[in-house]
Amino acid sequence: MTGAVDREPSGGVLVVGLGNDLRGDDAAGIEVARRLRQSRALPGIRVREHQGDPAELLELWSGRDAAILVDCMRSGAPPGTIRRFDVDRQHLPVRRRGSTSSHAIALMDAIELGRALQRLPRQALLYAVEGGTFDAGSGLSPPVETVIAELADTVWREAIGLRVCPQFQ
Amino acid sequence: MTSAEHTRIIRTDQLARVEGEGAMYIRLEGREVREVKLRIYEPPRFFEAFLRGRAFTEAPDITARICGICPVAYQTSAVRALEDACGVAIDEGPIRDLRRLIYCGEWIESHSLHVFMLHAPDFLGYPGAVEMSRDHRELVERGLQLKKAGNAIMTLVGGRAVHPVNMRVGGFYRVPSRVELRALVDPLERARELALETVRWAATLPFADVEIEPEHVALHDPAGYPIDRGRIVSDGGLDIAPVEFDQHIVEHQVEHSNALHARLRDRGSYLTGPLARYNLAGHALRPAALAASREAGLGPSCRNPFQSIVVRAVELVQASDEALALIDRYEEPDTPAVEVAPRHGVGHGATEAPRGLLYHRYEIDEQGTIRDARIVPPTSQNQRAIEEDLRAVVERHIELSDQELRFRCEQAIRNHDPCISCSTHFLDLTVDRR
């Protein structure tokens, strides 16, 4: 059981793995966060799993210098395809509805709400991996499982790069 | 007039700002509304089948996964039904208080999401909360602050804000200390102030002057505003215990929806949710919430679904005020849960999810294995009433353009805060005029 109020320090780089670990490849972001938490640690980089309401993301990333979001996508690309989006500078090229997300409001809405409320970190990135299966309890599909380690490495290198970015020193 | 000119088809393929995915189809021939279908095509999720063969102790965690917005409702209805099957009733004391407290957290989370993010854009003329937030930043921030208070309760009592993991048959896995709960007082006092501001703001919105007919159904709890227990009552004379649910409420399949339609036997459609609760139990609101409702111009009864935004705001006051009272009197129980020994039997549980009555029934064997499960969510119960409301909206506004009529229909649906994910996710809207 955690405390009622998030007392984490502000600033720094926040890495958030998003998804639902009971819905097949939707667990990809969660799995990246878990691997990073188990094997990597540096001051100024915080890694969180987030299975819940994207509206809460506004609270999580408010006051951070930078945020890297990791989630699963469904774009029609081959499963396991990884894409990077500078969400601080560009809108996500997604349809408003129709994903298999079981989140209460879409991640895109949380990002756009953050932008409108001027609560998006100065640098905000999204890494998304194409999912192949979203069946309940099915675990990661082989194509996604294969790229998870590479995705975790990429996200960590990006986090280190943002952490040492001169504007945050 | 040709047939094509005589026919109107109004179609929204993906209705926004509802929880889940479904479709609506309306066909008019001339001035006659021929067909109104709220079509829920999200695939069935078979939770009742998943439950069969599982231990009765697993039901709260399995059913919590039905909905990201109202998991506490599922957990509470489940534990009450399973305790009922085992001859246990937790109707007083700190464990019940904690259940009500976490339920208040869920009402705050769900209502603040609906009032500010999903419903307010309809009244202020924006396609969504994102666009609205550019001009009404303070309003959206208020909604987020309120939601945060609800999340704080859920996190502290439930273990996490979404799909909480701390509730079990008989009580909780761990109960908070008095000191831990005191951390919620400041955020909840602030939430109560924000909720009162929300009632005052909501009362100034422009409301269409309409009333709806269906019978209103809600729980009746002699000890206060209904949340977690009670008899099932209506403004049409229904007064039954949850065990009698099946005798009075029937579900049937309709071709156009993957969610079953419920109706009162021999009577027809009915409505559950904030309006029904307010109409049947408004007198039991806490003084702060009752005063706020009167200040907002609500009388003892409200049958205008557009004004449901005011009623939800009143329930935000109710939930934050009650949460504070529950925290104030809380004494940590000796044990976090009472012993519930399984026995062969059938149990029933009915609670008030944010969007209406949620009924669970379980049959378990002497080892506690679930043999049968039945779950009737509020949106299933409200589907038919929503379709009737849509029909009335179309008849009343038949002179509007297709685009304007489509917007009215979408609004009429959002008035009821349907949770399609619960009832079976997409909402397409089609209006067909001939």
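Helix 5 of chain B is mostly covered, with 25 of its 31 residues buried. Please keep in mind as you look around that this is a predicted model. The helix takes in residues 94-124 and reaches 42 Å from its first C-alpha to its last, close to the 45 Å expected at 1.5 Å a residue. Follow helix 5 of chain B along and you will come to a bend of about 35° at B:Val115. Just after the helix, B:Gly125 takes a positive phi of about 80°.

Now for the strands. Strand 13 of chain B, residues 356-364, is also mostly covered: 8 of its 9 residues are buried. Strand 13 pairs with strand 12 (residues 345-353) in the antiparallel sense, and it runs antiparallel to strand 14 (residues 370-376) as well. The table sets out these two pairings in chain B.

| Strands of chain B | Bridges | Residues between the strands |
|---|---|---|
| Strand 12 and strand 13 | 9 bridges | 2 residues |
| Strand 13 and strand 14 | 6 bridges | 5 residues |

Each pairing has a residue pair that you can look up in the viewer. B:Glu352 stands opposite B:Leu357 in strand 13 of chain B, while B:Ile364 stands opposite B:Ile370 in strand 14 of chain B.

Which residue in the turn of the hairpin formed by strand 13 and strand 14 of chain B has a positive phi? That residue is B:Gly368, with a phi of about 90°. Strand 12 and strand 13 of chain B form a hairpin too.

Note on methods
Residues numbered from 1 in each chain as written. Chains lettered and ligands numbered in written order. Predicted model: local features only at pLDDT ≥ 70, side-chain atom pairs only at ≥ 80, totals over all residues. Buried ≥ 20, exposed ≤ 12 C-beta atoms within 10 Å, placed from the backbone. Helix = DSSP H or I, 4+ residues; strand = E, 2+ residues; numbered from the N terminus. Pairing = 2+ DSSP bridges. Expected span 1.5 Å × (residues − 1). Bend = angle between axes of the 7 residues up to and from the residue.
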